[in-house]
Amino acid sequence: TGIERIELHRVEVPLVRPFETSFGRETVREVLLVRVVTDAGEGWGECVAGRDPFYSGEYVAGAASVIERYLGPALLRRHTAAFEEHGHMTGVLIDDPSRSAGVWVDDREQHAAGADRRAAAAAGGAAASIASVPLAASVASTLAFVAGHRMAKAALEAAVLDAELRAQGRSMGEAFGAVREWVDCGVSVGIAPTVDELLDEVSGYVEQGYRRIKLKIKPGWDLIPVGAVREMLGRDAMLQVDANTAYTADDIPLLASLDAFELLLIEQPFAEEDLATHVRLAEACETPVCLDESILDVTTAVDAIDRGATSIVNIKPGRMGGYLEALRVHDACRALDVPVWCGGMLETGVGRAANVALAALPGFLLPGDTSASSRYFAEDLTEPFELGSGEHRGQLRVPDAPGTGVTVRDDLVRAWATAAPAVLT
Ligand SMILES: CC(=O)N[C@@H](Cc1ccc2ccccc2c1)C(=O)O
Ligand SMILES: [Mg+2]
């Protein structure tokens, strides 16, 4: 079985309102979508990287480049008979235009070790279902020769996973081990021009039924807006903040004073690599510290928890190299009694569908940023995700059709494309 074709589609989707964080202000979501054709059928994956390398070091053009130059060729060769004809050299042909011949890298030991270690770690929990998707489960080890680029890798793995599960007639929810059909939804609220405008926006979301409010903060926009929202919502509403690494150790006293607002958590106040300062804040305040940017895989998740740098984890499959690693992080956190929730990256329905399926796992104990499509887009690239009503107020339904369960509207992908798709075969 093999991967026969990879298409990279770059589209621009306007946002219904500007989204401002401590690292920038977006009015359009530029997104890279991956379509793969395997001998079992086709699948779509969404790369969560933003247009610019501001949330993380990855960005749309960089992800497209690393896929065209390294990751795509590896997948196309690794899974074709022609590739295996070199016998022991289960390596990767690096197509380097500057060099006439490709370079073979013998990676059997490295991949085998990596795969064994991961399989052992995954043996216990939801990740066990990985065994039933051999093609998707082999993607990470095939791509391991490239350092980093987790969002690019995740998009490819997600597309292969979608194709494989559609061929098996299984939904992602079923394959992941979902335990519920509806997931509680929270909403991420950007930095606003004034506190009044913030309160208006938050009121609207509460009206729509969102079960949790998350406010973006940064130095100079924190205590006052958070206090005003807490005042408006009352003390029982679920409220949290996300700083996207904007603070330093000098701000520990200020951040500790957020205890007054009885928040669910403080998300990623300090730099991605700075676990030590997160530990110091955790020791200085009651409000739980939650990490986002810092958590790249099972290893970094368990290390951050062991150090006391985080007591709640924001799981984002794109940041972790894919949904299969996200399952492992879920399992590891569950074994350590650490609640997790599903983060968001302004995904279209492609990524949103897979995130909702992931959020249905037992360890996802807090509402995630899996908001309705209308939070970001007037029109979605797939069927829109809409909040339920009545007993399902503030919830999204987990798709139960095969794969992601949604259908990508080719007409919109074409209409919103910023360039002709790149095709690798
Ligand atoms: C919903 C939410 O707050 N997401 C990210 C921040 C974020 C914000 C804006 C983005 C724009 C393009 C790509 C990624 C982005 C990520 C977070 O949890 O930290
Ligand atoms: Mg965050």
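1. A cavity is a set of points, on a 1 Å grid over the protein atoms alone, where a 1.4 Å probe fits but cannot get out. A molecule sits in a cavity if more than half of its atoms lie within 2 Å of its grid points. In this predicted model, the space taken by ligand 1 is the largest cavity.

2. Some ground rules. This is a predicted model, in which local features need pLDDT of at least 70, side-chain atom pairs count only at pLDDT 80 or more, and totals for chains, interfaces and linings use all residues; side-chain values use heavy atoms, with hydrogens and water left out. Residues are numbered from 1 along each chain as its sequence is written, while chains are lettered from A and ligands numbered from 1 in the order in which they are written.

3. Which residues come nearest to ligand 1? There are 21 residues around the ligand, and Ser188, Lys214, Lys216, Asn244 and Gly344 come nearest. A residue is near a molecule if one of its heavy atoms lies within 4 Å of it. The shell around ligand 1 divides into seven nonpolar, five polar and nine charged residues. Here Ala, Val, Leu, Ile, Met, Phe, Trp, Tyr, Cys and Pro count as nonpolar, Asp, Glu, Lys and Arg as charged, and the others, Gly among them, as polar.

4. Strand 1 (3-21), strand 2 (24-38) and strand 6 (212-216) each supply at least two of its residues. Strands (E, at least two residues) and helices (H or I, at least four) are DSSP runs, numbered from the N terminus.

5. Now the polar side chains at the ligand. In Asn244, a side-chain N or O atom is 2.7 Å from an oxygen atom of ligand 1. For Lys214, the distance from a side-chain N or O atom to a ligand oxygen is 2.9 Å. Asp292 has a polar side-chain atom 3.2 Å from an oxygen atom of ligand 1. Taken alone, ligand 1 exposes 440 Å², and the protein buries 99% of that. Accessible areas come from the Shrake-Rupley method with a 1.4 Å probe.

6. Asn244 counts as buried because its relative accessibility is 4%. Buried means under 20% relative accessible area, exposed over 50%, and partly exposed in between (1.4 Å probe, protein chains only). Asn244 is not a glycine, yet its phi is positive, about 45 degrees. Most residues other than glycine have a negative phi.

7. Is Asp337 buried or exposed? Asp337 counts as exposed, because its relative accessibility is 70%. Asp337 also has a positive phi without being a glycine, near 60 degrees. This residue lies in the loop between helix 12 (323-335) and strand 11 (340-342).

8. Two helices are mostly covered. In helix 13 (residues 349-358), 10 of 10 residues are buried. They include Gly349, Arg352, Asn355 and Leu358. In helix 4 (residues 134-143), seven of 10 residues are buried. Those seven are Leu135, Ala136, Ser138, Val139, Ser141, Thr142 and Leu143.

9. Sequence separation and distance in space can be set side by side. Pro421 and Glu7 are 414 residues apart in sequence, with 6.3 Å from C-alpha to C-alpha. Pro421 lies in the loop between helix 14 and strand 13 (422-424), and counts as partly exposed because its relative accessibility is 40%. Arg409 and Gly220 are 189 residues apart along the chain, and their C-alpha atoms are separated by 42 Å. Arg409 is in the loop between strand 12 (395-397) and helix 14 (410-415).

10. Last, Glu201. Its place is in helix 7 (residues 195-208). Glu201 is buried, because its relative accessible area is 15%. From Glu201 to Gly190, 11 residues apart along the chain, the C-alpha separation is 9.4 Å.

Technical notes: A polar contact is a pair of N or O atoms within 3.5 Å; within protein, one must be able to donate a hydrogen and the other to accept it, and residues adjacent in sequence count only if both atoms are side-chain atoms. On a 1 Å grid over the protein atoms alone, a cavity is a set of points where a 1.4 Å probe fits but cannot get out, and a pocket is an open set with protein on both sides within 12 Å along at least five of seven lines; lining residues have an atom within 4 Å of a point.
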